[in-house]
Amino acid sequence: MENIILVGPMGAGKSTIGRLLAKELRLPFRDSDKEIEQRTGASIPLIFDVEGEQGFREREHAAINDICQMRGVVLATGGGAVLRQDNRRVLRHGGRVIYLCTSVEQQLDRTSRDRNRPLLQTPNPREILVGLMAVRDPLYREIADIIVETDERPPRLVVVEILDQLQSLAPRESLGRSALS
């Protein structure tokens, strides 16, 4: 079975939907941010404080690369994972990529009380999210096999839509992998 890789902005529901999707498919669930925290023994905000965003992105690349070498996992990536071209290549070839698309308003609602979002610890998180979306949305779309809107939709409905769309995709002969059956 191919890996299922969820990309999208913070607050799109990647972890919640990823867990539900993994349960439905009876596959292991992996979260690249949680993987980084387990490997380092440090929180994401602490890594940002000590190593900066560049240090975090190096750790993120290593985690994504390792997880994408596995087969049959559901992976939720961090919102900025697509910034590096080598990450986009690894993700694109690592499985079926699903872009969970959401509005800035929904992101603000879902992240407003979360202190584990280093990029949002600012007086104007909306401005940050608008800027991030302008840069990242084209990159998510570049690597996505499927795009699913998550705004104001129950996670279980999103999972059903993902499963339906995955079943309609043709196999990737060029990668030597079969599609979901």
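Q: By class, how many nonpolar, polar and charged residues are in the lining of the largest cavity?
A: This is a predicted model: local features need pLDDT of at least 70, side-chain atom pairs count only at pLDDT 80 or more, and totals for chains, interfaces and linings use all residues. Residues are numbered from 1 along each chain as its sequence is written, and side-chain values use heavy atoms, leaving out hydrogens and water. Ala, Val, Leu, Ile, Met, Phe, Trp, Tyr, Cys and Pro count as nonpolar, Asp, Glu, Lys and Arg as charged, and the others, Gly among them, as polar. The lining has 6 nonpolar, 1 polar and 1 charged.

Q: How much space lies in the largest cavity?
A: A cavity is a set of points on a 1 Å grid over the protein atoms alone where a 1.4 Å probe fits but cannot get out. Points join across faces, edges and corners, and volume is the space filled by probe spheres set on them. The whole structure has 1 cavity of 30 Å³ or more. The space in the largest is about 60 Å³.

Q: Which helix gives the most to the lining of the largest cavity?
A: Lining residues have an atom within 4 Å of a point. Among them are Pro9, Gln107, Leu129 and Arg136. Helices are DSSP runs (H or I, at least four residues), numbered from the N terminus. With 5 residues, the top contributor is helix α6.

Q: Is Glu58 buried, partly exposed or exposed?
A: Glu58 sits in helix α3, residues 44-68. Buried means under 20% relative accessible area and exposed over 50%, with partly exposed in between (1.4 Å probe, protein chains only). Glu58 has 41% relative accessibility, so Glu58 counts as partly exposed.

Terms used:
Helix = DSSP H or I, 4+ residues; strand = E, 2+ residues; numbered from the N terminus. 1 Å grid on protein atoms, 1.4 Å probe; cavity = no way out; pocket = protein on both sides within 12 Å on 5 of 7 lines; lining within 4 Å.
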